[in-house]
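Here is a short briefing to read alongside the model. Take a look at the sequence and the fold, and then let's walk through a few spots together.

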Amino acid sequence: MTSEVIVDVGQKEISIALLEDKKLVEFQKEGRSEHFSVGNIYLAKVRKLMPGLNACFVNVGYERDAFLHYLDLGTKYNALEKFMQLLGNGSKDVTPDKVLRQPELEKEGSIQNTLKLGQEILVQIVKEPINTKGPRLTTELSFPGRFLVLIPFSDKISVSSKIKSNTERARLKQLIQSIKPKGFGVIIRTVAQDKRAPELDAEMKMLLERWNNTIARVRKARRESSKLPVLAYEETSRTVALLRDLFNPSYENIYVNDNDVYKEISDYVSLIAPECKGIVKLYKGNVPIFDNFSVTKQIKTSFGRTVTYKHGAYLIIEQTEALHVVDVNSGNRSKSAEGQEMNAIDVNLGAADELARQLRLRDMGGIIVVDFIDMALPENRQKLYERMVENMKKDRARHSILPLSKFGLMQITRQRVRPAQNLNVQETCPTCGGTGKIKSSLLFTDLLETRIDTLVNKLHIKRFTLHVHPFVAAYLTRGIWPLRLQWQMRYGFGVKVIPNQQLAFLECRFYDTDGEEIDMNQPGGIN
């Protein structure tokens with residue numbers, strides 16, 4: 001299997017696509033101004049105590065206060081609180097190992113006996129805001145790396161259960177024990193298997209530097225009496241975070257269309273896998289990067305309420321507040337000559353393959369209930385369950401799958417960290433505003449030329465690109481003396497026409513040489 005990562009850096013958001021054998025399997029999109037990422041650490045204040053929930057709300061700067069449950073304080077909360085007190089008293093040499101002897105927090109305790117209203121607290125986001133809920137917090141701080149996860153206020157060393165060799169587990173534990181400082185625990189990740197001491201030691205130093213920088217920001221905030229909340233540690237960008245968790249030396253290419261992000265990714269890959277530095281490539285093509293790698297088309301066919309897969313069968317995916325519901329339909333598929341049972345198992349196995357991909361692609365979390373086509377034979381029901389389990393082995397998120405119930409329902413729970421990707425792939429007509437009436441399509445090229453004339457002769461912008469739907473682009477380039485060439489001869493060869501699959505049929509956009517969209521007052525086609 002070949003894997004490629006495509007990174008599309010836009011003006012307002014960054015989109016990341018993971019392709020396996022050219023097929024889209026994971027997709028992430030976030031605004032460039034988004035700051036509430038999982039892993040961020042804040043120095044914040046307790047806003048409200050909720051004894052009935054045994055929890056509190058903490059202000060981390062989001063429009064809705066973040067939620068912190070008593071159990072999410074962790075057993076080492078007393079050590080953290082003592083550490084924060086020593087910092088507040090101006091101690092300069094305080095380290096986690098000096099507070100480890102604090103008693104562990106009782107599991108049956110209450111929030112009102114542990115925290116006070118207005119108390120300063122160091123918290124980390126473990127779940128992003130979802131729907132009407134604010135972020136979810138913990139005080140069990142952690143700093144994840146490629147091979148290791150550093151945990152302050154602990155001395156425990158844990159090894160990933162996916163590392164099966166007892167010899168290798170013992171080697172890694174002994175190695176980490178020799179390089180980690182006192183007062184820090186470590187989780188050894190699966191990819192650390194067979195890694196040598198210099199690689200692990202380099203990452204350990206990098207994670208310790210992140211911890212030291214976090215505490216330095218906390219000291220500064222207290223010294224300057226900064227207004228809370230204060231961002232003490234910002235998780236690496238979504239691009240680097242995705243690569244940190246997904247990166248595999250078998251990746252063939254990582255394509256990026258922005259020079260700054262390209263350098264950031266290249267530096268990170270050079271750090272964790274120097275031999276793979278060459279796979280990071282800067283995309284310089286005129287065609288939008290997602291169009292060039294057929295990502296746009298796959299997004300349009302893979303998202304939405306209805307998802308079609310092989311031989312006309314399809315899934316209906318509905319999201320509610322409490323869970324996701326998936327219905328499997330055979331559609332217009334012709335029935336198998338071997339009977340209804342064989343037809344049902346064939347459709348269901350295909351649905352299991354597509355559903356496993358959809359869970360990763362949409363990052364669906366929480367409870368998922370799947371209504372498969374009824375099957376009479378127990379061996380077929382077991383075969384479907386085993387197929388789903390096998391497909392989900394590629395999924396990084398924690399999950400649990402139950403066998404089919406007597407009603408033919410399969411229940412899946414999947415870790416929910418951030419909101420599910422639920423893209424609207426339906427196109428709203430940019431030219432009629434929903435009225436259903438537009439000017440003649442034949443006038444579209446006249447409108448384009450009018451705008452080009454305005455840009456060149458009135459705004460004096462001599463070099464720009466015109467993005468239009470691929471069908472329109474094909475029309476502009478047809479014939480021996482195409483319109484595109486006529487425009488270039490008339491207005492200069494700085495006028496370039498680019499097909500863009502993300503645009504509606506009669507939609508156009510103009511971009512300058514820096515990739516910034518040029519506001520033409522009527523950016524949406526014929527009006």
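Which side chain meets that of Arg 357 in a salt bridge? The side chain of Glu 354 does, at 2.7 Å from N to O; a salt bridge here is a side-chain nitrogen of Lys or Arg within 4 Å of a carboxyl oxygen of Asp or Glu. Please keep in mind that this is a predicted model, where local features need pLDDT of at least 70 and side-chain atom pairs count only at pLDDT 80 or more, while totals for chains, interfaces and linings use all residues. Residues are numbered from 1 along each chain as its sequence is written, and side-chain values use heavy atoms, with hydrogens and water left out.

**Salt bridges**

- The structure holds 19 salt bridges.
- Arg 357 and Glu 354 sit 3 residues apart in helix 8, so about one helical turn separates them; helices (H or I, at least four residues) and strands (E, at least two) are DSSP runs numbered from the N terminus.
- An α-helix has 3.6 residues a turn, so residues three or four places apart point the same way.
- Both Arg 357 and Glu 354 are buried; buried means under 20% relative accessible area, exposed over 50%, and partly exposed in between (1.4 Å probe, protein chains only).
- Glu 20 and Arg 360 form another salt bridge through their side chains, at 3.4 Å from N to O.
- This pair links distant parts of the chain, with Glu 20 in strand 2 (residues 13-20) and Arg 360 in helix 8 (residues 340-362), 340 residues apart.
- Glu 20 and Arg 360 are buried as well.
- Lys 393 forms a salt bridge with Glu 390, with the closest N and O atoms 3.1 Å apart.
- Lys 393 counts as exposed because its relative accessibility is 58%, whereas Glu 390, at 45%, counts as partly exposed.

**Around Asn 78**

- Asn 78 is found in helix 1 (residues 77-88), and its relative accessible area of 18% makes it buried.
- Leaving aside neighbours within four places in sequence, Asn 78 is in contact with Gln 102, Pro 103, Glu 104 and Leu 105, where contact means heavy atoms within 4.5 Å.
- Asn 78 and Glu 104 are 26 residues apart in sequence, and their C-alpha atoms are 6.5 Å apart in space.

**Helix 12 and what follows**

- The buried residues of helix 12 are Gln 486, Trp 487, Gln 488 and Tyr 491.
- These buried residues pack against helix 10 (444-458), strand 22 (464-468), helix 11 (470-476) and strand 23.
- Just after helix 12, Gly 492 takes a positive phi of about 110°.
- Phe 493 is found in the loop between helix 12 (483-491) and strand 23 (495-499), and counts as exposed because its relative accessibility is 52%.

- Four strands form an open sheet in the order 23-22-24-25, with mixed pairing; two strands pair if DSSP finds at least two bridges between them.
- Strand 23 and strand 25 (517-518) stand at the edges with a single partner strand each, so one side of each is left without a neighbour in the sheet.
- Strand 22 and strand 24 (residues 508-511) pair in the antiparallel sense over 4 bridges.
- Thr 465 stands opposite Tyr 511 in strand 24.
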